[in-house]
Amino acid sequence: MSTVYVVGLGPGAGEQMTVRAEKILEACPVILGYTVYIDLVREQYPEKKFLSTPMKQEVKRCQMAFEEAVKGQDVAMVCSGDAGVYGMAGLIYEVGRGYPEIKIEIIPGITAATGGAAVLGAPLMHDFAVISLSDLLTPWEQIEKRLTAAVQGDFAIAVYNPSSHKRRDHLKRACDIMLTAGASPDRACGYVENIGRDGTRAHVLTLGQLRETPVNMFTTVFIGNSKSVIMGDKLVTGRGYRI
């Protein structure tokens, strides 16, 4: 029985990959994924057959993976970060219902929330939420409800997809929602650019300052909870230990 592996590459592939992910990519004759993610591993595995599709062709990409597996070969579907966090794992299972003879296995990776948190300091040391600002598949009204609930529950928040060419104002809108929900303008925040890749940079600032800060799609934003603090150039959320 052939297997479609859904492989999380981590935030930047290379040394950000797990040993298990490397072994799967070495073993699979076919590696398939979004064009940008394929480029992260192409040089490392030059002998492989590579297949890719551009953005917004995720269903086709999954179908391609199963069609290759039907030929009797294992296939690695690669994703940035973790395959099960805004990755392809769920869609692979959905499409895979049409290919019951093919086995599916998910290979986890370092997601942007934990990868970025390690660069920024320790912003996720207590309960936290992960929220994407992309309204491509999720209505903005639902995103607004989740942001409001996270603030009211005093969660730290890791924000994915904070901005893009078509969504330049989404982070500012999200900050306004959190401020309206009760977050202080002085709440400790931070963001990390190009996690795990060349040009990785971390910044700390307040929620009020974040509202006026432009970011790009290669950025992960961290909103502290009411107890989070900025320590020098680090963002730290305590767990409540007595020191």
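Leaving aside its neighbours within four places in sequence, threonine 220 is in contact with Ala112, Val159, Gly190, Tyr191, Val192 and Ile195. This comes from a predicted model. Threonine 220 sits in strand 11, and with a relative accessibility of 6% it counts as buried, because the cut-off for burial is under 20%. Strand 11 (219–223) also turns up at the largest pocket, where it supplies at least two residues of the lining.

That pocket holds about 1,700 Å³ of space. Its lining runs to 44 residues, and Tyr37, Met55, Tyr86, Ser134 and Asn161 are the ones that lie nearest the centre. Sorted by type, the lining of the largest pocket comes out as 21 nonpolar, 14 polar and 9 charged residues. Besides strand 11, the elements that each put in at least two residues are helix 2 (35–41), helix 3, strand 4, strand 7 (128–132) and helix 6 (140–152). Strand 7 gives the most, with 3 residues.

The second largest pocket has a volume of about 190 Å³. Here the lining is made up of 13 residues, with Ser163, Ser164, Arg168, Val215 and Asn216 nearest the centre. Its lining splits into 4 nonpolar, 5 polar and 4 charged residues.

Back to helix 3, one of the elements that line the largest pocket. This helix covers residues 58–70, and its 13 residues should span 18 Å at 1.5 Å a residue. The C-alpha atoms at its ends are 19 Å apart, which agrees with that expectation. Buried along helix 3 are Arg61, Cys62, Ala65, Phe66, Glu68 and Ala69. Looking down the axis of helix 3, these buried residues fall within an arc of 160°, so they line one face of the helix. As for the spacing, an α-helix has 3.6 residues a turn, so residues three or four places apart point the same way.

What lies over that buried set? The cover includes strand 1 (3–8), strand 2 (30–34), strand 3 (49–53), strand 4 (75–79), helix 4 (89–96) and strand 5 (103–107). After helix 3 comes glycine 72, with a positive phi near 100°.

Conventions
Residues are numbered from 1 along each chain as its sequence is written. This is a predicted model: local features need pLDDT of at least 70, side-chain atom pairs count only at pLDDT 80 or more; totals for chains, interfaces and linings use all residues. Side-chain values use heavy atoms; hydrogens and water are left out. Helices (H or I, at least four residues) and strands (E, at least two) are DSSP runs, numbered from the N terminus. The expected span of a helix is 1.5 Å times one less than its number of residues. Buried means under 20% relative accessible area, exposed over 50%, partly exposed in between (1.4 Å probe, protein chains only). The arc is that of the directions from the helix axis to the C-beta atoms. Contact means heavy atoms within 4.5 Å. On a 1 Å grid over the protein atoms alone, a cavity is a set of points where a 1.4 Å probe fits but cannot get out, and a pocket is an open set with protein on both sides within 12 Å along at least five of seven lines; lining residues have an atom within 4 Å of a point. Grid points are joined across faces, edges and corners, and a volume is the space filled by probe spheres set on the points. Ala, Val, Leu, Ile, Met, Phe, Trp, Tyr, Cys and Pro count as nonpolar, Asp, Glu, Lys and Arg as charged, and the others, Gly among them, as polar.
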